[in-house]
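Hi everyone, thanks for coming. Please bring up the sequence and the structure on your screens, and we'll walk through them together.

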Amino acid sequence: MSEDAKDKKPFNWTKFQQNMGYTDAEMEGFKNDPRRRRAAEALVEANRRMVVAEVVESHGCAAGFKCGDKIEVTAAGLVKSQNTCLFALAPMTIHAAMAYDRVMEGLDPDGMWFNHFTCQDAGYCNGSWGRVAFKVSVK
């Protein structure tokens with residue numbers, strides 16, 4: 001048995017049920033669904049992993065994002081950054097979901113191929129305000 005397997009605590013289904021507000025019947029269904037079970041059991045690790053979107057290009061951003069600024073969310077989707085522009089955060093949800101999926105499957109969450117995105121503003125050249133591009137990494 002590997003050291004990681006020995007050190008890993010069993011998933012706390014009781015705490016999960018309390019946090020989610022599930023009935024016993026719902027929990028039974030949840031535990032019997034292999035996909036949901038794997039996702040729940042990966043939750044602790046997904047909350048440890050930080051999905052970081054760093055600004056790599058910015059022009060005309062009303063929120064004031066500049067190169068080097070960062071937005072951070074956990075792979076489980078909890079926003080850690082303060083004062084974050086919703087139009088930059090919204091497209092980041094897919095990267096958090098990809099990171100969670102990779103954690104759940106035992107893959108390196110930082111290995112996602114699609115690791116860049118732009119905010120939802122179309123940019124000045126398209127009749128809007130600005131445009132910000134981000135590069136995503138998972139720590």
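**Strands, helices and a pocket**

Let's start with strands E1 and E2, which run antiparallel and are joined by five bridges. One example to find on your screen is Ala53, whose bridge partner in E2 is Ile71. Keep in mind that this is a predicted model.

Now look for the next neighbour. E1 also pairs with E4, again in the antiparallel sense, over eight bridges. Here you can pick out Glu54, whose bridge partner in E4 is Lys135. Then E4, residues 131-138, pairs with E3 in the antiparallel sense over three bridges. In that pairing, Phe117 stands opposite Phe134 of E4.

So what is the order of the four strands in the open sheet? Reading across, the order is E2-E1-E4-E3, with antiparallel pairing. Which strands stand at the edges? They are E2, residues 70-74, and E3, residues 116-118. Each has a single partner strand, so one side of each is left without a neighbour in the sheet. On average, neighbouring strands of this sheet are turned by 25° against each other, direction ignored.

Let's move to a pair of helices. Two packed helices are described by the angle between their axes and the distance between the axes. For H3 (residues 24-32) and H4 (residues 34-41), the angle is about 95° and the axes are 5 Å apart. Angles of 65 to 115 degrees count as roughly perpendicular, and H3 and H4 are therefore roughly perpendicular to each other. From H3, the contact is made by Phe30, Lys31 and Asn32; H4 brings Pro34, Arg36, Arg37 and Ala40. Sorted by type, the residues of this contact are three nonpolar, one polar and three charged.

Last stop: the second largest pocket, which holds about 150 Å³ of space. Of the 14 residues lining this pocket, the closest to its centre are Cys61, Ala62, Cys85, Phe87 and Asp121. Which elements give two or more residues to the lining? Those are helix H6, residues 86-89, and our friend E4 from the sheet. The lining divides into ten nonpolar, two polar and two charged residues.

That's my tour, and I'm happy to take questions!

Notes:
Residues are numbered from 1 along each chain as its sequence is written. This is a predicted model: local features need pLDDT of at least 70, side-chain atom pairs count only at pLDDT 80 or more; totals for chains, interfaces and linings use all residues. Side-chain values use heavy atoms; hydrogens and water are left out. Two strands pair if DSSP finds at least two bridges between them. Axes are lines fitted to C-alpha atoms, for helices over the stretch in contact, and angles run from 0 to 180 degrees between N-to-C directions. On a 1 Å grid over the protein atoms alone, a cavity is a set of points where a 1.4 Å probe fits but cannot get out, and a pocket is an open set with protein on both sides within 12 Å along at least five of seven lines; lining residues have an atom within 4 Å of a point. Grid points are joined across faces, edges and corners, and a volume is the space filled by probe spheres set on the points. Ala, Val, Leu, Ile, Met, Phe, Trp, Tyr, Cys and Pro count as nonpolar, Asp, Glu, Lys and Arg as charged, and the others, Gly among them, as polar. Angles under 35 degrees count as roughly parallel, over 145 as roughly antiparallel, 65 to 115 as roughly perpendicular and the rest as oblique. Contact means heavy atoms within 4.5 Å.
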